[in-house]
Amino acid sequence: MNPTRLFHEATDSILPGITRILKDGGLCIVPTETVYGLAANALDPVAVGKIFQAKGRPSDNPLIVHVHNFQAVEAVAEIPGPSVRLLFERFSPGPLTIVLPRKPHVPDVTTGGLSTVAVRIPSHPWVRKLLEFSNIPLAAPSANRSGRPSPTDFTMARAEMEGRVDAIVDGGECRVGLESTVVSISGSEWKILRPGAISSHAIQDCLAPLGMKENQTIQKDAPPASPGMKYAHYQPKACVYIAENFSPEKWEIQTTSGPYGLIGILPEIPEGFEFIRDFSDSEHYARDLYRSFTDADEAGIKTLIALDPGPEGIGSAIRNRLFRAAQGRKI
Ligand code: TXA
Ligand code: MG
């Protein structure tokens, strides 16, 4: 691969150059409102194959296809009923991904061999322009190496992937900071496969008038509905623990040692931590979570305590990522 080209401004003038790279089967890291994505032409199996190589990602883990409007969704997926159009109308462009029956020309490598394809219309203004200008549906997983936190700014994306991709575009800091909500629909039921900024309450409000219900069952021994959810994920080098309550005097960590770090919406700043991130609310927590992971690593933190944000709003998505990063460890 040629050296990675760095585009320090996401302007209209770079759209033709990025489109050329994508048409030629190359890989470009692009900003979205959730996290930076590692993009290739979703309909070019060779290009999509390179995504898995660059990330070190298991090939059974399917990718999200990004498009610029509902018509472009219909070009890659079947629309099974009015609920899908309603969801796109309400939440797109934005951080919602819907799993749909795929059209036959979507390659197996993009969908991990599944009969479905996950589709999303991102809202970051530059990437929307790119999707429209290029008219290429973009397969784009988060631009991290497999298992690591997703990059939410240019510096993180560059540190993670320079030398492994053809181009990286700086579109600023991601507004949301956590990956999109992934939802699947089956008959009159819908199910959240991965929580994100669009909450289950919001989806409930949207689909209840159609008589649809959330399917909340978690089948323990069944194969994961969303293959990505079975892998360890979002992990910094530091060992993460989730603290359910703010009680620093009681926190005891037996398996790892300092230096210690602490992140969360903190009622006060305690002593004894060499790295602290105090967020003003759960949106802020979400936006800066992954950056605080990589910053803690840079500060040499060995044990990182993350205070539970609670389940409200985007809190359930933060919890989900913390749980995976901590591999279930709680104090
Ligand atoms: O916000 C996002 O969604 C970001 C940005 C770049 O758009 N993308 C992202 O992609 O997070 P990725 O590949 O890191 O995560 C995709 C998730 C995985 O958990 C994957 O298993 C699931 O979506 N997924 C993709 N296609 C699926 C399908 N056909 N059925 C079920 N789950 C699917
Ligand atoms: Mg990912």
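Strand 12 and strand 15 (residues 303-307) pair in the parallel sense over five bridges, where pairing requires at least two bridges found by DSSP between two strands. Helices (H or I, at least four residues) and strands (E, at least two) are DSSP runs, numbered from the N terminus. The model is predicted: local features need pLDDT of at least 70, side-chain atom pairs count only at pLDDT 80 or more, and totals for chains, interfaces and linings use all residues. Residues are numbered from 1 along each chain as its sequence is written, chains are lettered from A and ligands numbered from 1 in the order in which they are written, and side-chain values use heavy atoms, leaving out hydrogens and water.

**Sheet**
- Ile242 has Ala306 of strand 15 as its bridge partner.
- Both strands belong to an open sheet of four strands, with parallel pairing and the order 12-15-13-14.
- Strand 12 (239-243) and strand 14 (275-278) are the edge strands, each pairing on one side only.
- On average, neighbouring strands of this sheet are turned by 15 degrees against each other, direction ignored; axes are lines fitted to C-alpha atoms, for helices over the stretch in contact, and angles run from 0 to 180 degrees between N-to-C directions.

**Helix 9**
- Helix 9 (residues 282-298) lies across strands 12, 13 (260-264), 14 and 15, and runs at about 170 degrees to strand 14.

**Asp297**
- Asp297 is placed in helix 9.
- Asp297 counts as buried because its relative accessibility is 16%, buried being under 20% relative accessible area (1.4 Å probe, protein chains only).
- Apart from neighbours within four places in sequence, Asp297 is in contact (heavy atoms within 4.5 Å) with Arg148, Pro236, Lys237 and Ala238.
- Between the C-alpha atoms of Asp297 and Ile263, 34 residues apart along the chain, the separation is 13 Å.

Conventions
Buried < 20%, exposed > 50% of the residue type's maximum accessible area, 1.4 Å probe, protein only.
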